[in-house]
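Please read them alongside the structure.

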Amino acid sequence: MSSNARAQQEIVTRFAPSPTGYLHIGGARTALFNWLYARGRGGRFLLRIEDTDRARHNEAAVAAILDGLRWLGLDWDGEPVSQYSRVSRHQEIANALLGEGKAYRCYLGAEELNAARDAAKAAGTRFESPWRDADPATAPSDAPFAVRFKAPRDGETVIRDAVQGEVAFPNAALDDLIILRSVEPGSQTQSDKQSDAQPDTRSGAPTYNLAVVVDDHDMGVTHVIRGDDHLNNAARQQQIYDALGWPAPVFAHVPLIHGPDGAKLSKRHGALGVEAYRDMGCLPQGLANYLLRLGWSHGDEEIIPTDKALEWFDLAGVNKAPARLDLEKLRHTNAHYVAAMDDQAFARAARPFVEAAGLDLTPERLERLERSAPFLKTRCALLQDVVEAGAYLFLDRPLRPEGKAAKPLRKDGAAQMLAAVIEALSHGGDALWRTPGALDDRLQALAAERDVGFGAVGQPVRAALTAGRPSPSLGEVLYGLGAAESLARLDDQIRAIADAAN
């Protein structure tokens, strides 16, 4: 197909995960790239579950993959396609290749196959089944067989990849791959002989490379964007496209994600599944932005919201070198989106993390969380950070400061200073407690009236209100706790100082 014709056709991409586990972080990036490329050009994004391996098929994994995509905001067109339900179509195409002499029946048993491979390896040639050019009349009538694709012997197969450039594979290195396994004698593969709901596996189990070609062609996929671990598969798939006379899609093989140490990403590098990042408090926008920048760039832009990603994403910006997972960069990116949240949305999103930490969110504590949202959200890179950043909000009275946190309360005059603060904050009515700034100003004014540095006021007040827990400005602490809780905590410490003196 010419470049002009491709430019005019509708863009169709697909994400085709195997349902053997969670939505891997690398798979999520692949889905994102496909979604952006199609959606940004008014095209379609399709979802196919590659579930032909029934031994490893897991319905819970399918549900987890769909849930992860929805959470990331990656919607797809139509219903997800089950590759297993299309087995009859794959068998039909295998039979067509067989009928055209572009595939053949191979009757080699396991031992014969191993011996033939060993002989080819010893001779330094590619393996070829002796059944490739055998007279069909000599074939046994009652033996199972595999169907092998008749791969070209000479020349090379060239993949013009949108990311990797032109990649050539010597055909001498590509043997005759099996396209149907374990065909029983006398079985039929025509689609009208079986039900899509219950594929007839006696007619042969289609292999990955055949199934992918048939499905991508039938689904109208124009661009195959996937990990570069599939680059070798692209050569075999290109050969099948050529044999069938079908136009091949544009291939774009994206380098894999590596760990911080440069090794292939594995469990030892930490979380691998999207749900794990969600459970630690990543926002979908934050994770998507980070994944987008993990192997793709647009100048020096780091924060790229979805609308800009749809406008800017192009395969030309995909890097050829593997990207390295950097959790600090992820935190930095996610922090931007957390800080931009609506205050009420932040409080709602943070609540499950507070409860998961074993803290009882009473109505009073929930109100404190909501009031503190404007300044807590700027201190949280991940939603789970709210447990530490907002710990002072959830303390039970009376607070019991210890160690260094208690030192300001042991100084001479601490009780008198706290009493003066209570006096200062008790006058001014509701207007005083409407903004953190007004509360900060009142404390500054008190320090000026007493002709002392602000530390003489602020240190015992902070100790009394937070017991040394991390906290924002004192005005924000007071505002978040509210008048009743703040004044009660201050009074508690005056009493504790008096008790310690007796």
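1. Rings of Phe, Tyr and Trp (its six-membered ring) are taken to pair if their centres lie within 6.5 Å, with planes under 30 degrees apart counted as stacked, over 60 as edge-to-face and the rest as tilted. On that basis, ring pairs link Phe33, Trp296 and Phe313 into a cluster, and the structure holds five aromatic pairs.

2. This is a predicted model, in which local features need pLDDT of at least 70 and side-chain atom pairs count only at pLDDT 80 or more, while totals for chains, interfaces and linings use all residues. Residues are numbered from 1 along each chain as its sequence is written, and side-chain values use heavy atoms, with hydrogens and water left out.

3. One of the five aromatic pairs is formed by Trp296 and Phe313, which are tilted at 45° between the planes and lie 5.5 Å centre to centre. Trp296 belongs to the loop between helix H9 (284-293) and helix H10 (306-312), and Phe313 to the loop between H10 and strand E13 (323-324), so the pair ties together parts that are 17 residues apart in sequence; helices (H or I, at least four residues) and strands (E, at least two) are DSSP runs, numbered from the N terminus. Trp296 is buried, with a relative accessible area of 1%, and Phe313 is likewise buried at 1%, where buried means under 20% relative accessible area, exposed over 50% and partly exposed in between (1.4 Å probe, protein chains only).

4. Helix H16 (residues 414-425) has 12 residues and reaches 16 Å from its first C-alpha to its last, close to the 16 Å expected, the expected span being 1.5 Å times one less than the number of residues. Nine of its 12 residues are buried, so H16 is largely enclosed by the rest of the structure; among the buried residues are Met417, Leu418, Val421 and Ile422. The elements that cover the buried residues of H16 include helix H18 (436-449), helix H19 (454-466) and helix H20 (474-481), contact meaning heavy atoms within 4.5 Å.

5. Phe15 is found in strand E1 (residues 12-15) and is buried, with a relative accessible area of 6%. Leaving aside residues up to four places away in sequence, Phe15 touches several residues, including Leu23, Phe45, Leu47, Ile65 and Leu69. Phe15 and Pro305 are 290 residues apart in sequence and 22 Å apart in space, C-alpha to C-alpha.
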